[in-house]
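Hi there,

Here is the structure I promised to pass on. Have a look at it first, and my notes follow just below.

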Amino acid sequence: MGSMLPLALFLAFLVLPVLEIYVIIQVGTVIGGWPTVALLLAESLLGAWIIRREGRRAWRALRESFTGGAMPDRELADAALVLIGGVLLLTPGFITDLAGFLFVLPFTRPLVRRALTRYVSRRVRMTQERMVRHMSASAAEGGFPPGVFPGAPRDHSDDGQDGPVIRGEVIREDRPEP
């Protein structure tokens, strides 16, 4: 599972541009070169207008959430999706424009947000489970090496002390003697 990010980056930076060029050429052979360029420009202009409108709406909702004292998780996710969608819409191509519109449009953004939330939750849960397994295996082998968890109590059984050392500060209040 750890190799998913490099694969995603490979697809994003190498395969996606090739696919975009292929789709642009295919559309160009069907409707012609200049109409294809005009369609890409029209998508960019429409995308810029939608980004501007939805970006303002997302920013306003985020501000209202902050002033209301609520946790702005949905608003932050929407603002991030509008930002990512804007980048995709400004990237020339039909595939990135389609993905950008999915991220930006107010009726598709909640669907994308829910799907991404489920994906991220599943990844976090898998990472936590992997860490617990790793920690259990390390504890079974005699604990963690020194310095792995700075500040955690250590076993000092071999240095002549009675138990673990808990670092702290002693504060004595000077009281007058009776």
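Glu 54 and Arg 57 form a salt bridge, with their closest N and O atoms 3.3 Å apart. Side chains of opposite charge can pair when their charged atoms come close. Because Glu 54 and Arg 57 lie 3 residues apart in helix α2, about one helical turn separates them. The structure holds 7 salt bridges. Please keep in mind that this is a predicted model, so I would read every value as computed from it.

Glu 54 turns up again in the helix packing. It is one of the α2 residues in contact with α3, and it is also among those of α2 that meet α4.

Take α2 and α3 to begin with. Helix α2 covers residues 33-68 and helix α3 covers residues 73-90; their axes come within 9 Å and cross at roughly 165°. That angle is over 145°, the cut-off for roughly antiparallel, which means α2 is roughly antiparallel to α3. The crossing of these two helices is left-handed. On the α2 side, the contact includes Ser 44, Gly 47, Ile 51, Gly 55 and Ala 58, while α3 contributes residues including Leu 76, Ala 79, Val 82 and Gly 86.

How do α2 and α4 lie, roughly parallel or roughly antiparallel? Helix α4 spans residues 94-104, and its axis and that of α2 come within 11 Å and cross at roughly 20°, so the two are roughly parallel to each other. The crossing of α2 and α4 is left-handed. From α4, the residues taking part are Phe 94, Asp 97, Phe 101 and Val 104; their partners in α2 include Leu 39, Leu 40, Leu 46 and Ile 50.

Helix α4 also packs against α1, at an angle of about 105° and with the axes 7 Å apart. That makes α1 roughly perpendicular to α4. Here Phe 94, Ile 95 and Thr 96 of α4 meet Leu 16, Leu 19, Glu 20, Val 23, Ile 24 and Val 27 of α1.

Helix α1, residues 4-31, supplies the largest share of the patch, with 10 residues. Leu 14 is found in this helix.

Best wishes

How values were computed:
Residues are numbered from 1 along each chain as its sequence is written. This is a predicted model: local features need pLDDT of at least 70, side-chain atom pairs count only at pLDDT 80 or more; totals for chains, interfaces and linings use all residues. Side-chain values use heavy atoms; hydrogens and water are left out. Helices (H or I, at least four residues) and strands (E, at least two) are DSSP runs, numbered from the N terminus. Axes are lines fitted to C-alpha atoms, for helices over the stretch in contact, and angles run from 0 to 180 degrees between N-to-C directions. Angles under 35 degrees count as roughly parallel, over 145 as roughly antiparallel, 65 to 115 as roughly perpendicular and the rest as oblique. A crossing is left-handed if the near helix is turned anticlockwise from the far one by less than a right angle, and right-handed if clockwise. Contact means heavy atoms within 4.5 Å. A salt bridge is a side-chain nitrogen of Lys or Arg within 4 Å of a carboxyl oxygen of Asp or Glu.
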